[in-house]
Amino acid sequence: VKKMIGNCVRVATPARAVFSRLLLLFNLTDYTDEEEAASAGQNQLSTVLLVNMGHVTFPNYTVLRKKKIFRHRDDLLRYDEAVHSLAEVITAMTNGFWSDALQIYKTAREKWSQLENNSDVRFHQQLPVYLRRFTAGWVYTRIQFHGVEILQRLHMYA
């Protein structure tokens, strides 16, 4: 197996988290696909590799940045954490681990409550509607949406 694979490098967990965030920023729009969330970002990495090898090309375009999505590092970290929670809840639901999905949902609900009291929410409310989907609050709202199915599956109606 080693001959087939060649040299390999193991990346430490903190460094891997940085690479994961870079992939998230490289392909912001792709994470929302539920299949992508369940595959733990493998499709994003494949897209980056295909672009670098020249197999996939995108048309030239001009980016007009009038608003910042992330005001500071903590904004990005909260968004990253929320995206990972969404991926976890989707994976748990897909595999039928409803009690695990319930725990993730409850944790996300608590984080959303904390986020509501944060001053960053006012900033997010000032973003154009199409950019709000790249905020932690929007992702936690998606988890709440999935929470309805989780609660139904577990017959928790009250």
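Contact here means heavy atoms within 4.5 Å, and helices (H or I, at least four residues) are DSSP runs numbered from the N terminus. The model is predicted, so that local features need pLDDT of at least 70 and side-chain atom pairs count only at pLDDT 80 or more, while totals for chains, interfaces and linings use all residues. Residues are numbered from 1 along each chain as its sequence is written, and side-chain values use heavy atoms, with hydrogens and water left out.

The mean pLDDT (the predictor's confidence in each residue, from 0 to 100) is 82 for the protein, and 87% of its residues reach 70 or more.

| Pair | Angle | Axis distance |
|---|---|---|
| α5 and α6 | about 155 degrees | 8 Å apart |
| α5 and α9 | roughly 20 degrees | within 8 Å |

In α5, residues including Tyr79, Ala82, Leu86 and Ile90 take part in the contact with α9, where Val139, Tyr140, Ile143 and His146 are among the partners. By class, this contact has twelve nonpolar, two polar and four charged residues, where Ala, Val, Leu, Ile, Met, Phe, Trp, Tyr, Cys and Pro count as nonpolar, Asp, Glu, Lys and Arg as charged, and the others, Gly among them, as polar.

Notes: Axes fitted to C-alpha atoms, helices over the stretch in contact; angles between N-to-C directions. Helix = DSSP H or I, 4+ residues; strand = E, 2+ residues; numbered from the N terminus.
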